[in-house]
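Subject: Structure for your review

Hello,

Please find the structure below, followed by notes on what was found in it.

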Amino acid sequence: MAAAAIRIAGLVKTFGNHRAVDGLDLEVPEGSIFGFLGRNGAGKTTTIKILMNMLKPTAGAVEVLGQDPHIHEKELKERVGYISDNPVLYDWMKVEEVAWFAGQLYPRWDQQKVAALIEHFGLDPKQKIKHLSRGMNAQLNLALVLGHDPELLILDEPASGLDVIVRRDVLESIIQVISAEGRTVFFSSHLVHEVERVADQVAIIDQGKLLVCGELDAVRQQVKRVLVRTEDAVDFAGVTGLRGVQGEGRQRLLTIFDYGDEAKAQIEQAGGQVVEVIDLSLEESFVEHVTPQGGLPS
Amino acid sequence: MAKRKITRGGDALHLRLDTAGGVPIYLQLIEQIKYHIATGTLKADDELPSVRAVASAQLINPNTVARAYLELEREGVIYKRRGMGTYVAEKGVSMSTEERLNIVRNLMEKALVEGTQLGLDAASLRRVFEETLEKFSSQ
């Protein structure tokens, strides 16, 4: 078992009556690209802010690279690269000034690498920060975060609202970090199809609670669609793990959690014949996890 | 504004990976590399792009690429030279007769599904196949 880059145990954060994080347990293995998935408002940003010691937990404990972020904040700032969901840089400075300024904060700073990245992204070093577009701002933040060679990279909704070129830059940066031995990337997103390409571990949270966590393929395969042929108006309600039925005629499409021999036997007992078991994409699986049962009220 | 530099690592390998179909990415990689060998795009002792190059070009996890390469190496389709790169094995190319048959098999299955849905029976399907093969061979 690999060491954990992040450990979250029984984490609770309340704002007034609202429980933004509600008893979250999570372990992010070292060396993984970990996709932290949830809808808007699921508690992702709150959790990340606690990891970065920007918020204090109401209850529970977190550990980042084996340390308590509240006690070891300064040391962790040097070891962890973080881009918030709304990164703000000093907007009166020029690109090259920010790069120099950031370099003063980190012992492992690589000025050459940052300059090369700024050039690679096509940014003008003389441009003022306040004149950068949203995409350029994101690219500059990536250059700065890669510049101090972080052991752990934490990104909060890194691709949100960016065009396809900059989203590529974000994913390439993630791959660059993970390619070094023992590095870990933890990123939150609600853009599931992008997570699917790059992550090897995922967690899905909803309303501050963990729904599922593990290897991407295992999480994806937890939900199946099962195409069933049936003669009469049979009822599949008793099938274990059944989440939904589409169609009313001879062919039904059942959505089933943890489909296996047991569910198959129950389908046959109810008078159905399994025609095909269909794998879902992570996005489809995600939707099944976070959608309340039943469709829109008609 | 400075122009974006175009950087690439290793030989190009045409891959089209798709996350909508529910097939794990490492399996798609394995299938597509075998396909390139079967169709002759990749020949014995051709060098494959590095794990890092494939990961960056396709924006996928390097571990996923490494897993596909490891599996292909285990099957004897590709081999590694220490301190160098990864190459297509002689055995990989000869083994690919089976792969070639598999490609045709999959295409035929699709045609048969279509034919059955159109209400054709096995005898007429077999006749169409024989006729088409004869016409094709005589060309």
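In chain A, an open sheet is built from four strands in the order β11-β12-β10-β13, with antiparallel pairing. Strands (E, at least two residues) and helices (H or I, at least four) are DSSP runs, numbered from the N terminus, and two strands pair if DSSP finds at least two bridges between them. The edges are held by β11 (242–246) and β13 (272–279) of chain A; each has a single partner strand, so one side of each is left without a neighbour in the sheet. On average, neighbouring strands of this sheet are turned by 25 degrees against each other, direction ignored.

This is a predicted model, in which local features need pLDDT of at least 70 and side-chain atom pairs count only at pLDDT 80 or more, while totals for chains, interfaces and linings use all residues. Residues are numbered from 1 along each chain as its sequence is written, and chains are lettered from A and ligands numbered from 1 in the order in which they are written.

β11(A) and β12 (residues 251–257) of chain A run antiparallel and are joined by four bridges. Val245(A) has Leu254(A) in β12(A) as its bridge partner.

Helix α9 (residues 261–269) of chain A lies across β10 (223–230), β12 and β13 of chain A, at about 145 degrees to β13(A). Axes are lines fitted to C-alpha atoms, for helices over the stretch in contact, and angles run from 0 to 180 degrees between N-to-C directions. Contact means that C-beta atoms, placed from the backbone, lie within 7 Å.

Between the chains, 22 residues of chain A are in contact with 19 residues of chain B. On the side of chain A that touches chain B, α6(A) gives the largest share, five residues.

Regards

Technical notes: Two residues are in contact if their C-beta atoms, placed from the backbone, lie within 7 Å.
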